[in-house]
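Here are some short notes to read beside the model. Please keep the structure open as you go through them.

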Amino acid sequence: MYTNPNSDPKEWERYFKSIISLHYKPANYCDLPDTQCGDFGLECYTLNGHAFQCYLPEQSSDIEKLVKAQRKKISTDILKFTKKNVSELELLFGTTKISRWILATPYNKSSKLTQYCTQKSLKVRKLGLPYVSNDFQIIIQTDSDYLIERDLLRKNYYQLNLNLDDTTVENAISYIEKNIKFLENLNLKLPKINPSESTQKIYRQFLIQKYLDYQNLLDELKTNWVELYKIIYSHIQRRENNLVGLSILSPTNSQPSEKMTQQIKVLTENIELDVPSLKGTDLEKITWGVISDWLIRCPLDF
C-alpha cells in the first residue's frame, strides 16, 4: 500500500509532482507526460512560471560525487530547455514566462552547487528566449521546502523509511551497567513479574534493548519528521497520563499488566489511525519502547 519515494526515480518523480500539485493547486499545475514525443526535458510547470525537473541521484553519501552528478543533470536538461526544445517550448508555454527552473532532488548539500546554478542562470538570461523572464533563476529544492505538503503525503501515502539498527545485547548490558541509578524503578518492579534473578536479568536486557530502540526512533522522528513526531508523542503522553490516572483510581488489587495492556492497545490503534504510513516494525518498537519507558521512569507501583 505504501511506497518509499526515494526507492527509484519514477517514485521520486510521482512523489514530487504530488507535492507541486498540492502546493500550487491543480488549476495552476501543468503536468508533462512523456508517453508521446517525450516531455521536452521537464516533468511539469506552473502557470506562475516555475518549471520542474525531478532527479534522484544514485548515491548521496559522497558529497563531491553527488554535486558532480547534480551539476551534470542541470547542464544536460538546461541544454534541452535553451537549445534542443526551443520551438516545442514556445508552443508549450505560450505567454507564460518561466522565472524559475527547479531541480527537485532529495539532497541539497553544497553551496558550490548554488554558485553553479547562479552562473548558469546568468548565461540563460543572456539568450533572450521568449519564454524566459528577465529574473530567471535555476534553484535546487528538496521536499523540505514544502513541509506541509511533504508531511501530508508521507503521513497518508508514503511509507516512512527509518531504517534504524536494532540495539544489541552488548549495548544493552553496557547501558545497564552505566545507568544503575536510573534503572532503580525497573529493578524494583522486575521481582514482582518473576522472582527468578536469572529471568529478571533476561527481562532487564530485553526491556533496555526495546527502550534504546525506542529512543533512537523518537530521535529520528524528532529530527526528520517533526510533525509526525508531535502526533505520535502526543498520543504517548495521553496514554501515560491515563495510566497514571487509572493507577490512582483503580483498586489496589487490580492487575497492573491489564492497565498497561489496555493503554498500549489504545495507543497502537491511535497511531495506526493518525500515522498509517508507519511501518509495523517501527510501530512495534514504539509500543515495546513505551512499555519499557513506563516501567523505567514511572515511580507508581503498577
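Predicted model: local features only at pLDDT ≥ 70, side-chain atom pairs only at ≥ 80, totals over all residues.

1. Start at the end of a helix.

2. Now look at α3 itself, residues 86–93. Val 86, Leu 89 and Phe 93 are buried there. These three lie on the same side of α3, because they span an arc of only 65° around the axis.

3. What do the buried residues of α3 pack against? Their partners are β2 (44–46), α2 (63–84) and β4 (98–104). Ser 87 and Leu 91 are exposed, on the face turned away from the buried side.

4. Next, find α8 (residues 197–224) and α11 (residues 280–297). Their axes are 7 Å apart, and the helices pack at an angle of about 115°. The crossing of α8 past α11 is left-handed.

5. Which residues meet here? From α8, they include Phe 206, Tyr 211 and Leu 217. From α11, they include Ile 286, Trp 288 and Val 290. By class, this contact of α8 with α11 has 11 nonpolar, 2 polar and 5 charged residues.

6. Last, the cysteines. How many disulfides does the structure hold? The count is 0. For Cys 30, the nearest cysteine sulfur belongs to Cys 44, 8.8 Å away. A disulfide needs the two sulfur atoms within 2.5 Å. Cys 30 has 19% relative accessibility, so this residue counts as buried; the cut-off is under 20%.

7. Cys 117 is in no disulfide either. The nearest cysteine sulfur, in Cys 54, is 15 Å away. Cys 117 counts as buried because its relative accessibility is 2%.

Methods:
Residues numbered from 1 in each chain as written. Heavy atoms only, no water. Buried < 20%, exposed > 50% of the residue type's maximum accessible area, 1.4 Å probe, protein only. Helix = DSSP H or I, 4+ residues; strand = E, 2+ residues; numbered from the N terminus. Arc of directions from axis to C-beta. Contact = heavy atoms within 4.5 Å. Axes fitted to C-alpha atoms, helices over the stretch in contact; angles between N-to-C directions. Left-handed = near helix turned anticlockwise from the far one by under 90°. Nonpolar A, V, L, I, M, F, W, Y, C, P; charged D, E, K, R; others polar.
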